[in-house]
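Subject: Structure handover

Hello,

Here is the structure you are taking over.

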Amino acid sequence: MSERILVTGATGYVGARLLGALAARGAPVRGLARRPEDLRARVAPGVEVVGGDVLRPETLPAALAGVGTAYYMIHSMGSAEPFEDKDRVAARHFGDAARAEGVRRIIYLGGLGDSAEALSPHLRSRQQVGDILRASGVETLEFRASVVIGPGSLSFELVRALVERLPVMVMPRWVSVPAQPIAIDDVLAYLIAALDLPPGDSRVFEIGGADVVSYADLMREYAARRGLRRWMIPVPVLTPSLSSLWLGLVTPVYARIGRTLIESIVHATVVRDHTAEALFRIRPRGMRAAMAEALRAEARDLDATRWSDALSSPSAPHAWGGVRFGSRLADTRTAVAPVPPERAFAAVRRIGGRTGWYHADWLWTVRGWIDLLLGGAGMRRGRRDPDALRVGDVLDCWRVEVFEPGHRLRLVAEMKLPGRAWLEFEVEPHPEGSRVHQTALFEPTGLAGLSYWYGVFPLHRVLFAGMLRGLVAAAMRAERVSP
């Protein structure tokens, strides 16, 4: 395969995963981003990254040069401006440029919904984009999907946040509308399989998982898998406007996006045309399997893409309790150290045990005694080696989950907590020496977890700020005494 594959929307939830999956297959792939410097840090070696903006047609010819197949993964739902007009203009620019550059095929991911109905603005826009791409004259394969279930997907984040935070849930009618959720891995399988179809006419494929369920079913399944007991109270009406404000208060979904999403949920999104099932050798999993895999994948890897990773999404809201990443909460800090990266990372590598935690070790001791009283491991375990680390090593009340020598260390907490916690350090070169990123991340379980986070956050601000200062100071001392 000599022709290059272009993936637009390469910083978005599906686009970023698609880019990685194509690269893993050895395909000659190119990612398009408005800010290419942000994408380059995320992609695998060998993936070409180019700058471009579908709303600026003059940037597209270079991005499409030498491309045989282009994936169109762009939408403007997170924009503060009316997104339908922007979606139409963007699709027209891209289709025209693709035709001019000789692109043979466009593969597009849209949304399910009966076009004979008065669809919501979001679903209507997704289908109009497909119409515009087909009208360009370039063969277009459009996949229409319902709810996408995967770690970090918008629908998964919505379900998780509602179930985790609300012991009693008011259930408006829209939570009972039928949908056909599909796992993110099955979506990617369809998108990649489309590469192997012989040339032909433009086509629309409807894709979905094995089960027709509702958002209420998704919430019940999530609660069961997390061992949470939840009471769901049906109410006859709750308008999209009121529902979106409700979502904005209790979930990471912003009120504007929440309203757009609910306006789409009120329409049934189920597969009526089963051509995709007959044509592709893909057997999508059911809702329970998709939910289970999403939870397993999330537990394995904190780095998976999220719907909010897209550069067109609104910035994550800042609160006095830290920054939100989906339903996780974080205290994230950065410092510049006037030492080489290897020296800065050496200080990171030696943290814990006899070295201590670089600030207020007495607080860590107190926390360890509290943990022991609660039946946890406490701070007595120390570390295997004062200098060397490997994945699985114990560091006091933490365990090494990720270790990339010279660059990255991530610890997962083994203390008793109403949730899951991680502490991560990353070191990268900087013109003045090194930049050190430190992130404390917490995924609360229910109201107890939220109360814990906000209760100790003032203390964490002091503790983690001092830790980063102490780490930089230790690296500088080591640099001064080195030969």
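Thr69 has Arg105 in E5 as its bridge partner. That bridge belongs to the pairing of strand E4 (residues 67-72) with strand E5 (residues 105-111), which is parallel and has four bridges. Please keep in mind that the model is a predicted one.

E5 also pairs with E6: the two run parallel and are joined by seven bridges. In this pairing, Gly110 is opposite Arg144 of E6.

These strands are part of an open sheet. Seven strands make it up, in the order E3-E2-E1-E4-E5-E6-E10, and the pairing is parallel. At the edges are strand E3 (48-51) and strand E10 (203-207), each of which pairs on one side only. From one strand to the next, the twist averages 20 degrees.

How many residues of E6 are buried? Seven of the seven are, so E6 is largely enclosed by the rest of the structure.

H5 lies across E4, E5, strand E6 (139-145) and E10, and it runs at about 165 degrees to E5. Arg126 is located in this helix, which spans residues 121-135. Is Arg126 buried or exposed? Its relative accessible area is 5%, and because the cut-off for buried is under 20%, Arg126 counts as buried. Leaving aside residues up to four places away in sequence, Arg126 touches Ile74, His75, Asp87, Tyr108, Leu109, Gly110, Gly111 and Glu142.

Two packed helices are described by the angle between their axes and the distance between the axes.

From H6, the contact uses Ser155, Phe156, Leu158, Val159, Arg160, Leu162, Val163 and Glu164; from H8, it uses Tyr215, Leu218, Met219, Tyr222, Ala223 and Arg226. Sorted by class, this contact of H6 with H8 has 10 nonpolar residues, one polar residue and three charged residues.

The second pair is helix H1 (residues 13-24) with helix H7 (residues 184-193). Their axes cross at roughly 60 degrees and come within 10 Å. That angle makes H1 oblique to H7. The crossing of H1 and H7 is right-handed. Tyr13, Val14, Arg17, Leu18, Ala21 and Leu22 of H1 meet Ile184, Leu188, Leu191 and Ile192 of H7. By class, the contact of H1 with H7 has nine nonpolar residues, no polar ones and one charged residue.

Last, some totals. The protein contains 15 helices and 19 strands. It has 483 residues, of which 55% count as buried. Among contacts between residues at least 6 apart in sequence, 73% join residues at least 24 apart.

Regards

Conventions
Residues are numbered from 1 along each chain as its sequence is written. This is a predicted model: local features need pLDDT of at least 70, side-chain atom pairs count only at pLDDT 80 or more; totals for chains, interfaces and linings use all residues. Side-chain values use heavy atoms; hydrogens and water are left out. Buried means under 20% relative accessible area, exposed over 50%, partly exposed in between (1.4 Å probe, protein chains only). Contact means heavy atoms within 4.5 Å. Ala, Val, Leu, Ile, Met, Phe, Trp, Tyr, Cys and Pro count as nonpolar, Asp, Glu, Lys and Arg as charged, and the others, Gly among them, as polar. Two strands pair if DSSP finds at least two bridges between them. Axes are lines fitted to C-alpha atoms, for helices over the stretch in contact, and angles run from 0 to 180 degrees between N-to-C directions. Angles under 35 degrees count as roughly parallel, over 145 as roughly antiparallel, 65 to 115 as roughly perpendicular and the rest as oblique. A crossing is left-handed if the near helix is turned anticlockwise from the far one by less than a right angle, and right-handed if clockwise.
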